[in-house]
Amino acid sequence: MQNPLWWQRGIIYQVYPRSFQDTNGDGVGDLLGIAERLDYLVTLGVDALWLSPIQPSPMADFGYDISDYCNVDPLFGTLADFDRLLADAHARGLKLILDFVPNHTSERHPWFIESRGCRDSPKRDWYIWRPPGPAGGPPNNWLSRFGGSAWERDETTGEYYLHSFLKQQPDLNWRNPAVRAAMMDALGFWLDRGVDGFRMDVLWVLVKDDLFRDNPVNPAWKPGGPLHDQFIDLYTADRLEVQDIVAEMRSVIDGYPGDRVMIGEIYLPVDRLVAYYGKSLHGAQLPFNFQLINTKWNAATIADIVRKYEAALPPGAWPNWVLGNHDQPRIATRVGAAQARLAAMLLLTLRGTPTLYYGDEIGMSNGKIPPELVQDPAEKIQPGIGLGRDPQRTPMQWDASREAGFTTGHPWLPIDPVAELDNVARVSKDPDSIWTLYHALIALRRDRTALSVGSLHEIGADGDILRFSRGEGAESVLVLLNMGEVPKEVAIGPATILLSTHLDRPNELVSTVAMRPGEGLVLEIE
Ligand code: NOJ
């Protein structure tokens, strides 16, 4: 591959700012804390950090409800702190990607306050207002993704406004050119400051049906399941008109010097996901590929996913892979500690930009949150059915000191007691730890062009063994992952082991390789 760009070659690391490092003792992480930990990210070897939202917010959805697109919430610091963080990151060769939340604002955003003021407010049409439905209730059957109607009646005017998420998160009307212009300006605000890109929140839901048709019933929904899934998102997501907006965002970003990147949060089947690369690839450079999050964890299924994804990519589109994020149960909880090592090897050897979720590199699993400490509205609205996201948002575990070195105060979510052992200070010195594996995998990926940007061949599953190879020029690397619970011998011809998930057989020459349960190998074919 000729001249790969940083976001193709590089590795992205997601920081959830509330939970990374607190410096002022209020129990919530902040920008100065992230700045303090940049050297850690350099040591780990990643190339870019993506911050979940840092803009002013009443925090009804922990920052995904923004009340000012062009500032920093005092909880996280100031714009000056942000500028310093960005300069410090750049000084270390790290790129910085911000979250951008285009679908909705906070109900406390001045635009919405003005919009709800009266029916003929100049900002009325900035949001989606409808009269009551024929029976006097909500205008149609659209549901909030957190459960309940997506419509909230507003006393002042007797009309309903749309909120695809919480009622504190009114949806913007992207059909209104003034909204589009204002949001493009907000992108410009951060691009002018020098950010290297954006992760666009819920990119596939920005536009809704202009006829406000009811969504069809989902026959697969069962009582007790997520309330939102009662209907299929036919009229409330992935509408064709969204592609224009994606292209416009891309044009704004491309208007700035440097190679800035647009990542899209998109939960759609692959055939629809790839549409977000845009016409002539003038869309998101990285429409997030979440397939490793939802997959059954076995070799045949994963081989199939990789094969179909590669086949679906438009010519020239660059792939990407994700194991977890702040909305999903952690990988170590989903597949267990042993398989989490295999997952790390998979993520860092597949073709495409990997995104790591903070703490996965030290093997963090979901924290246990007692009911009285629950923070996440998703859990409060539908308790006990596994929708809560607090468990994957517990503070980063830096050391074995009080509150794991995260805060000198009282952390906003409880520190997992395993922090006494699973913490950066300890595992980064342990030659056998998952941290050491991540570190070695990242170094190997950097060192081998075949792994960072090479092509992918011969993906397949033989029983529990997932195998594929990566190549670039004369370099060729074979990856074997034993996803099963029994040892297995695999005949491969003469090869040298570059790395095992078990970190104990470097440079071993093999021809038929004995693989332990849960062992993954990266090999160089002789
Ligand atoms: C997706 C974000 O990742 C999630 O945390 C948030 O609740 C919703 N979008 C709404 O903004």
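Select N215 and display its side chain: in this predicted model, that side chain reaches the backbone nitrogen of L234 at 3.1 Å.

Next, show the surroundings of N215. Beyond its neighbours within four places in sequence, N215 is in contact with N141, W142, F231, I232, D233, L234, Y235 and T236. Is N215 buried or exposed? Its relative accessibility is 7%, and because buried means under 20%, N215 counts as buried.

Now move out to the domains.

Select the interface between them. Here 22 residues of domain 1 are in contact with 26 residues of domain 2. The two domains bury about 1,800 Å² between them, with 75% of that area on carbon and sulfur atoms. Zero salt bridges are counted between domain 1 and domain 2, whereas four residue pairs are in polar contact across their interface, both residues at pLDDT 80 or more.

Finally, highlight α10 (299–312), α12 (337–349) and α15 (434–447): each supplies at least two residues of the side of domain 1 that touches domain 2. The largest share of that side, seven residues, comes from α10. Colouring this side of domain 1 by residue class gives 12 nonpolar, five polar and five charged residues.

Technical notes. Residues numbered from 1 in each chain as written. Predicted model: local features only at pLDDT ≥ 70, side-chain atom pairs only at ≥ 80, totals over all residues. Heavy atoms only, no water. Contact = heavy atoms within 4.5 Å. Buried area = accessible area lost by both parts, 1.4 Å probe. Salt bridge = Lys/Arg side-chain N within 4 Å of Asp/Glu carboxyl O. Polar contact = N/O pair within 3.5 Å; in protein donor to acceptor, adjacent residues only side chain to side chain. Helix = DSSP H or I, 4+ residues; strand = E, 2+ residues; numbered from the N terminus. Nonpolar A, V, L, I, M, F, W, Y, C, P; charged D, E, K, R; others polar. Buried < 20%, exposed > 50% of the residue type's maximum accessible area, 1.4 Å probe, protein only.
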